[in-house]
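Here's a quick briefing to read alongside the model.

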Amino acid sequence: MVDTWSSYMQQALSLALQGPRSLNPQVGCVIVDTQGIVVGTGFHQGAGTAHAEVDALASAGDLARGATAVVTLEPCRHTGRTGPCTESLIQAGIVRVVYAQSDPTKDASGGAGVLREAGVEVISSVCAKEAQEINKAWTHVQRTGRPYVILKIAQTLDGRVADESGGPTSITGPAAQLLTHQLRAQSDAVLVGTATAVIDNPALTVRLIDVTQQPIRVVMGERELPPELKVFDDQAPTMLLRERRPRAALALLGEAGITQVFLEGGPTLASAFLEAGLVDEVVWFLAPRLFGAGPISLGPLAAPVRLDVEQIQLIGNDVMVRGRIARTDEKQR
């Protein structure tokens, strides 16, 4: 049964990606008639706009009656800025709802039960992993109350993140640098400490690919910063956090509406976030170079941190190891 709806769910997932990344999830929906023909499509276009199901129903019109709605997130059952999607689906005459990811929020979850009580057939968990990946940051915020943090480190074979000068040093090749810019573009904020901002003077912008909106540049720490630094140019917005505590910094970023943080700070900041249990994902580049001297990639940790490796890949001439931080207690997140 799942295989029957997978191709339609893939269409819905593609639609979801057309929506903006924000405090709201990215959701897509297709309406499929009894002959297997897609008669309506829709996606959520941002806070205050129609949800994906309502958008798709409007596209389908009267053809929605007796059809199946295939949607990437469990239809909501609550009234916020818009009405409950469950009611819209029932009123439109939808006889079956197929969804991927269950809604993790307290107010909106439970839509599947409402639909079943109304006599609508419900099929869940179709392409659930793909849907969860699209909204991993949003889902994380709903479950933990803080932004999702991706730590990126680039080091040489002997563990150095800079040469013996300690200043800005090229570590990885063009392919890894391109991927770094892609990861920046997928995040709401790029975070460094004041030491990195001064010593490396990075721009922290997305330059190697085209984007419609730059992530916010965030510099945390109590050190005074020279006004001529690149982070103060007009290429992207910048937020200064007069804060040295990682958890407090993330709380401030969460209040600003940031759901995903790309952490590119130096060894001290990386260790502080790891030590606090506030890193969720790691992207680690290993470059085939030996410096013999220079700062190492991490400072001391009180206890080892284990990674559930999801990907090991050759990126140009560099090796990337990517995975999630292994946790035994979900509350640590």
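This is a predicted model: local features need pLDDT of at least 70, side-chain atom pairs count only at pLDDT 80 or more; totals for chains, interfaces and linings use all residues.

Residues are numbered from 1 along each chain as its sequence is written, and side-chain values use heavy atoms, with hydrogens and water left out.

**Domains**
- The chain is assigned domain 1 (3-134) and domain 2 (145-323), with bounds that come from an automatic or database domain assignment.
- Between the C-alpha centres of domain 1 and domain 2 there are 36 Å.
- UniProt, in an unreviewed entry, lists residues 3-115 as "domain: CMP/dCMP-type deaminase"; such annotations may be inferred rather than shown by experiment.
- Residues 3-115 are 31% helix and 20% strand, going by DSSP runs (H or I, at least four residues, for helices; E, at least two, for strands) numbered from the N terminus.

**The sheet**
- Eight strands make an open, mixed sheet, ordered β9-β8-β7-β10-β6-β11-β13-β12; strands pair if DSSP finds at least two bridges between them.
- β9 (238-241) and β12 (307-315) are the edge strands, each pairing on one side only.
- From one strand to the next, the twist averages 20°.
- β7 (residues 189-193) runs parallel to β8 (residues 216-220), with five bridges, and Val 192 stands opposite Val 219 in β8.

**Helices on the sheet**
- Helix α7 (residues 174-185) packs on the sheet and touches β6 (148-156), β7, β10 (260-263), β11 (281-287), β12 and β13 (318-325); contact means heavy atoms within 4.5 Å.
- The direction of α7 makes about 165° with that of β11, where axes are lines fitted to C-alpha atoms (for helices, over the stretch in contact) and angles run from 0 to 180 degrees between N-to-C directions.
- Helix α9 (residues 246-255) also packs on the sheet, touching β6, β8, β9 and β10, at about 140° to β9.
- Buried residues of α7 include Leu 179, His 181 and Arg 184, buried being under 20% relative accessible area, exposed over 50% and partly exposed in between (1.4 Å probe, protein chains only).

**Pro 288**
- Pro 288 is in the loop between β11 and β12, and counts as partly exposed because its relative accessibility is 45%.
- Beyond neighbours within four places in sequence, Pro 288 contacts Leu 157, Asn 317 and Asp 318.
- Pro 288 and Gly 266 are 22 residues apart in sequence and 20 Å apart in space, C-alpha to C-alpha.
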